[in-house]
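Colleague: Could we go through this structure together? Please begin with the terms.

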Amino acid sequence: MDAYVAIRQTFTSLSVRLMTAGEHESFLVASSFDINDDGTTYLYGVYQGVPSISDRKEVTAIHYGSFRYKVIGSPVTGLKGHYWTDREKGGSIELFDRRSELFDSFASAEAARKPAGEIEPPLP
C-alpha cells in the first residue's frame, strides 16, 4: 500500500503523520528515541489511526497502535520497522524517498511525486 509520512522535528518536539489514499491518517500521540552505544537509533511511538468518516462503519474504526522504526543512514535516508494495533493487526513498514517538501494530504504528496503530465492508468 502506498502511503506518505510527514515528519516534522524540532529540538523539543516530533510530529509524525501517515496519510493513505483512502483519506486515512495516523498521527503520533507519544514517542521516544533509543540510541544504542554503536549509534544505531530506533524511534518508538504510539499513534491514533483515524479513517475517513465514510470508512468508519464499513472498513475500520478509529484505533490505536504502536511502532518501532530503525533509523537508516546518516543523514537519515529512511525508516524501517514494524507496527501493531489494538485491532490485533500488525505488519512491516519501510519509509524511503525522503523529500524536503512537506505535504498535508495524500493527494498533494502523490501529485508532487509524479512527473508533470503523467496520467494514472485506469483501474481494472
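Modeller: Buried means under 20% relative accessible area, exposed over 50%, and partly exposed in between, with a 1.4 Å probe and protein chains only. Helices (H or I, at least four residues) and strands (E, at least two) are DSSP runs, numbered from the N terminus. This is a predicted model, in which local features need pLDDT of at least 70, side-chain atom pairs count only at pLDDT 80 or more, and totals for chains, interfaces and linings use all residues. Residues are numbered from 1 along each chain as its sequence is written, and side-chain values use heavy atoms, with hydrogens and water left out.

Colleague: Which residues of helix α1 are buried?

Modeller: In α1, residues 106-113, they are F106, A109 and E110. They lie on the same side of α1 because they cover an arc of only 100° around the axis, taken from the directions from the helix axis to the C-beta atoms.

Colleague: And which are exposed on the other side of α1?

Modeller: A107 and A111 are exposed there.

Colleague: What covers the buried residues of α1?

Modeller: The cover includes β1 (3-9) and β2 (14-20).

Colleague: Why does E110 count as buried?

Modeller: Because its relative accessibility is 13%. The E110 side chain also makes a polar contact with that of Y4, at 2.3 Å. A polar contact is a pair of N or O atoms within 3.5 Å; within protein, one must be able to donate a hydrogen and the other to accept it, and residues adjacent in sequence count only if both atoms are side-chain atoms.

Colleague: Changing topic, where is T40?

Modeller: T40 sits in the loop between β3 (25-35) and β4 (41-50). Its side chain makes a polar contact with the side chain of D38 (2.9 Å). Leaving aside neighbours within four places in sequence, T40 is in contact (heavy atoms within 4.5 Å) with D34, I35 and K70.
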